[in-house]
Amino acid sequence: MMEFLSGVMKKEVLEISKLSAEDYIGKEVKVNGAIHSIRDMGEVAFVVLRKREGLLQCVFEEGVSAGRLKDLREAETIEVAGVVRSEERAPWGFEIRIISFRILSEPAEALPLAISKWKMNASLEAKLNMRPISLRNVRERAKFKIQEGIVRGFRDFLYEEGFTEIRTPKIGAKGAEGGSNIFKLDYFHRPAVLAQSPQLYKQMMVGVFDRVFETAPVFRAEKHNTKRHLNEYTSLDFEMGYIDSFQDIMGMETGFLQYTMRLLEKDYDRELKILGVVLPNVDKIPAVRFDEAKRLVSEKYDRKIKNPFDLEPEEEILIGRYFKEEFDADFVFVTHYPSKKRPFYAMDDPADAKFTLSFDLLFKGMEITTGGQRIHEYQMLMEKIAAKGMSAEGLEQYLDTFKHGMPPHGGLGIGLERLTMKLLDEENVRETTLFPRDLSRLEP
């Protein structure tokens, strides 16, 4: 006999949000989940289920609940039939008194980590080695719900601002920004590279949609083994046309941060509380020139300027400290980076070609965004490529786009894992990366 599906299947089992939203007190319901912990108190045992929305307290009572308590163990998945009772001390203000249960699956081995503990007391290495298990811990899991909120904020805000979401290839013929930090691969006996950035493609697409964005992985073959670097990370990228100045881009990022902090406060309140996160104030973000930022921290903290062309990590920390102390600001835009340290497509400052109309956004002393205005005229691009001693080989299609007219435009890329790391006050970017890829880690 033929069957037809007409949409999402209606289920008898209820989720926490449904139980919270309606009055089920005194009613019999069905719920399911994984056994997160069992606290045996003798005649009564608390069986805590882990569900997608959080922990749900169930109560097994000898002589009242059918079945045997000893048949229940951590990591089993079960379906429970029971009566909802009000209980202020339970996570959601209610609990399920178990009438009966049905085991859906049983673990083959005991859990390798104490995931039911509030803090697991496991090293970062152990947590990463057993990532699919360590992420079941309530606090570990909360980090990535908040990360979801950041991406959701980015997407929803940009949709509201008239951006189109695009998807660009991650395998290419040549690196977008040149340099040696490129992963090379064999593409059907032809040389190819993994994309360091969607930069060239998103610029091309400004000629199509005016405003575009992408959330996707980027790859950097940097031999760093630090707490802030990854070899694969998620970049939140946007590019926008018809700008008046690169301040339009900084303003758009400020708007995204404001929108996202409001979203986190509204929809991710539970996760913020679990992790004790205090959201930063993003009403106003200060902006300071690169050379001025260097001078300010050099004078205030008596630190000699060693590299006039770039910011060292220690300088970023001091700039963050300066703006926190002087203006109570967690974020600061550092603008007008030297041309020497910016890629060929960065527009030079007409007032002084040694500097570019570009910026980094520092958050609590760490760079989380790089952006700026791009060159939009073909001849100027060709001159810049020549001035940098580069070849136009491999850039032909990108350059052809500019032969046929492009509006003034610019954009940025935000490191998602770094932004999450600083928001949650973590020390290591791997803590806020689901499955990190670094110098030594290719699995799980």
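## Basis

Residues are numbered from 1 along each chain as its sequence is written. The model is predicted, so local features need pLDDT of at least 70, side-chain atom pairs count only at pLDDT 80 or more, and totals for chains, interfaces and linings use all residues, while side-chain values use heavy atoms, without hydrogens and water.

## Domains

The domain assignment gives domain 1 (16–105) and domain 2 (138–432). Such bounds come from an automatic or database domain assignment. The C-alpha centres of domain 1 and domain 2 lie 46 Å apart.

## Aromatic pairs

A search of the whole structure finds 17 aromatic pairs. Rings of Phe, Tyr and Trp (its six-membered ring) pair if their centres lie within 6.5 Å; planes under 30 degrees apart count as stacked, over 60 as edge-to-face and the rest as tilted. Phe-154 and Phe-213 have ring centres 5.8 Å apart and planes at 85°, so this pair is edge-to-face. The pair links distant parts of the chain, 59 residues apart: Phe-154 is in helix 4 (residues 138–160) and Phe-213 in strand 10 (residues 211–219). Helices (H or I, at least four residues) and strands (E, at least two) are DSSP runs, numbered from the N terminus. Phe-154 is buried at 0% relative accessibility. Phe-213 is also buried, at 1%. Buried means under 20% relative accessible area, exposed over 50%, and partly exposed in between (1.4 Å probe, protein chains only).

Phe-163 and Phe-238 form another edge-to-face pair, with 5.5 Å centre to centre and 70° between the planes. Phe-163 lies in the loop between helix 4 and strand 6 (164–165), and Phe-238 in strand 11 (residues 232–241), 75 residues apart. Phe-163 is buried at 4%. Phe-238 is buried at 1%. One aromatic cluster holds Phe-154, Tyr-159, Phe-163, Phe-213, Phe-238 and Phe-256.

## Lysines over rings

A charge sits over a ring if NZ of Lys or CZ of Arg is within 6 Å of the ring centre and within 35 degrees of the ring normal. Lys-27 lies over the face of Tyr-24, 5.7 Å from the ring centre. Lys-340 lies over the face of Phe-309, at 4.0 Å.

## Helix 5

Helix 5 spans residues 199–209, and its buried residues are Gln-199, Leu-200, Lys-202, Gln-203 and Val-206. Their cover includes strand 10, strand 11, helix 11 (396–403) and strand 18 (409–415), with contact meaning heavy atoms within 4.5 Å. Just after helix 5, Asp-210 takes a positive phi of about 75°.
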